[in-house]
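Hi everyone, thanks for coming.

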Amino acid sequence: MRVKFWGVRGSIPAPSKHTVKYGGNTAAIEVRNNNDDLIIIDAGTGIRLLGYSLLKEAKEKKNIEAMFLISHTHWDHIQGIPFFVPLYIPNNNFEFVGPQGTKRTLEEIFELQMDHDYFPLNFSGLPSKTTFSQVLETTLKYKNFKIETKILNHGNLGGVLGYKIEADNQSIVYSSDHEGYEIFFETHSEKTINIIKKTEEKYHTFVNNADLLIHDAQYDEEDYKKKRGWGHSSFDYAINTALSSNVKLLSFIHYDPDYSDEKLDKIFEECNLKLKNENHNLKIIPAYEGLELNLDDYK
Ligand SMILES: [Zn+2]
Ligand SMILES: [Zn+2]
């Protein structure tokens with residue numbers, strides 16, 4: 001499989017001269033299998049430029065078809081939708097998958113986002129073909145992809161899906177807007193803690209042996225201490241998950257909007273030093289806008 005990152009920032013777009021290297025757009029990832037079938041993970045502001053790239057490609061080929069795997073409907077994961085031009089072209093075909101548990105349906109949320117109070121055009125008036133499904137933990141098929149979903153912990157134990165995508169004998173796990181379960185240890189009885197520990201184990205099983213893990217890493221350890229319970233991971237938690245789950249390649253995503261390129265570079269340097277000192281084989285490739293990975297290169 002091949003992966004291209006179009007948006008890697010968390011919470012809100014953060015363009016500035018301090019975020020040029022890693023980028024300011026919010027979550028958007030293009031995934032291709034060897035057949036060139038297309039999955040788009042999340043619909044943050046990064047999908048605007050992805051849309052133009054797809055249009056260029058479609059000129060030579062055919063209509064654009066893709067499955068969107070939406071982790072959840074917080075702004076930073078859906079705000080690119082009104083600016084994704086392929087939705088404005090008839091015969092393009094998009095299947096949207098998102099988590100169950102929302103107050104409104106996924107389609108209603110997209111419509112509301114483009115209500116006249118917020119946007120001049122309506123979602124329901126867009127001419128492309130769209131379908132919607134909302135799922136819990138299940139297995140899906142899309143063209144030559146197999147997709148497994150997992151409920152994550154984002155401030156509460158639900159409402160966000162992690163996705164494991166398999167094709168070409170490779171697997172990619174996307175786990176963003178997720179915080180480890182140990183946060184619950186402080187406030188629960190021993191019996192409950194055992195259940196929570198099992199939940200963490202199940203999470204590791206989901207991630208197990210991923211060729212590429214794309215993981216939430218919003219905070220450094222210092223900020224994480226101040227923001228426990230906000231539903232995001234630290235860089236250390238992402239690394240520990242990758243190490244416990246025998247992951248080959250780890251890409252951080254969902255960087256805090258206040259983290260500059262300089263700060264991120266320093267964090268990545270420390271992460272790599274830690275792995276080297278502890279003799280781990282795990283390879284870290286921090287995501288940045290425009291990064292392309294071909295998993296065949298990391299066998
Ligand atoms: Zn987010
Ligand atoms: Zn969120």
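Before we start, one term: two strands count as paired if DSSP finds at least two bridges between them. And keep in mind that this is a predicted model.

Okay, let's begin at the start of the chain. Strand E1, residues 2-7, is joined to E2 by five bridges, and the two run antiparallel. If you want a spot to look at, Phe5 stands opposite Ile29 in E2. Moving on, E2 and E3 also run antiparallel, joined by four bridges. Here Val31 has Ile39 in E3 as its bridge partner. E2 and E3 make a hairpin with five residues between them, and Asp36 in that turn has a positive phi of about 70 degrees.

So how enclosed is strand E2? Four of the five residues in E2, which covers 28-32, are buried, so the strand is largely enclosed by the rest of the structure.

Now zoom out a bit. These strands belong to an open sheet of seven, in the order E6-E5-E4-E3-E2-E1-E14, with mixed pairing. At the edges you've got strand E6 (129-135) and strand E14 (292-294); each has a single partner strand, so one side of each has no neighbour in the sheet. From one strand to the next, the twist averages 20 degrees.

Further along in that sheet, strand E4 (residues 65-69) and strand E5 (residues 93-99) pair in the parallel sense, over five bridges. Phe68 has Phe96 in E5 as its bridge partner. Setting aside neighbours within four places in sequence, Phe68 is in contact with Ile40, Ala43, Phe94, Phe96 and Val97.

Let's stop at a glycine. Gly44 sits in the loop between strand E3 (38-41) and helix H1 (47-60). Is Gly44 buried or exposed? Gly44 has 30 other C-beta atoms within 10 Å, and 20 or more is the cut-off, so Gly44 counts as buried. Beyond its neighbours within four places in sequence, its contacts include Gly7, Asn25, Asp76 and His77. Ile284 is 240 residues away from Gly44 along the chain, and their C-alpha atoms are separated by 23 Å.

There's another open sheet to see, again with seven strands, in the order E7-E8-E9-E10-E11-E12-E13 and with mixed pairing. Its edge strands are E7 (139-142) and E13 (283-284), each pairing on one side only. Inside this sheet, E10, residues 170-175, pairs with E11 in the parallel sense over four bridges. Tyr174 has Ile214 in E11 as its bridge partner. Helix H6 packs on this sheet, touching E11 and E12, and its direction makes about 155 degrees with that of E12.

While we're on H6, its buried residues are Phe235, Tyr237, Ala238, Ile239, Thr241 and Ala242. Those pack against helix H4 (190-207), strand E11 (212-216), strand E12 (249-253) and helix H7 (261-277). Just after H6, Asn246 takes a positive phi of about 55 degrees.

In soluble globular proteins, nonpolar side chains tend to be buried together. Here the largest nonpolar core has 71 residues, and those touching the most other members are Ile39, Ile40, Phe68, Leu69, Ile172, Leu213 and Ile214. Which helix gives the most to this core? That's H6, residues 235-244, with five residues.

Key. Residues are numbered from 1 along each chain as its sequence is written. Chains are lettered from A and ligands numbered from 1 in the order in which they are written. This is a predicted model: local features need pLDDT of at least 70, side-chain atom pairs count only at pLDDT 80 or more; totals for chains, interfaces and linings use all residues. A nonpolar core is a set of buried Ala, Val, Leu, Ile, Met, Phe, Trp, Tyr and Cys residues joined through C-beta atoms within 7 Å. A residue is buried if 20 or more other C-beta atoms lie within 10 Å of its own, exposed if 12 or fewer, and partly exposed in between; C-beta atoms are placed from the backbone. Two residues are in contact if their C-beta atoms, placed from the backbone, lie within 7 Å. Axes are lines fitted to C-alpha atoms, for helices over the stretch in contact, and angles run from 0 to 180 degrees between N-to-C directions.
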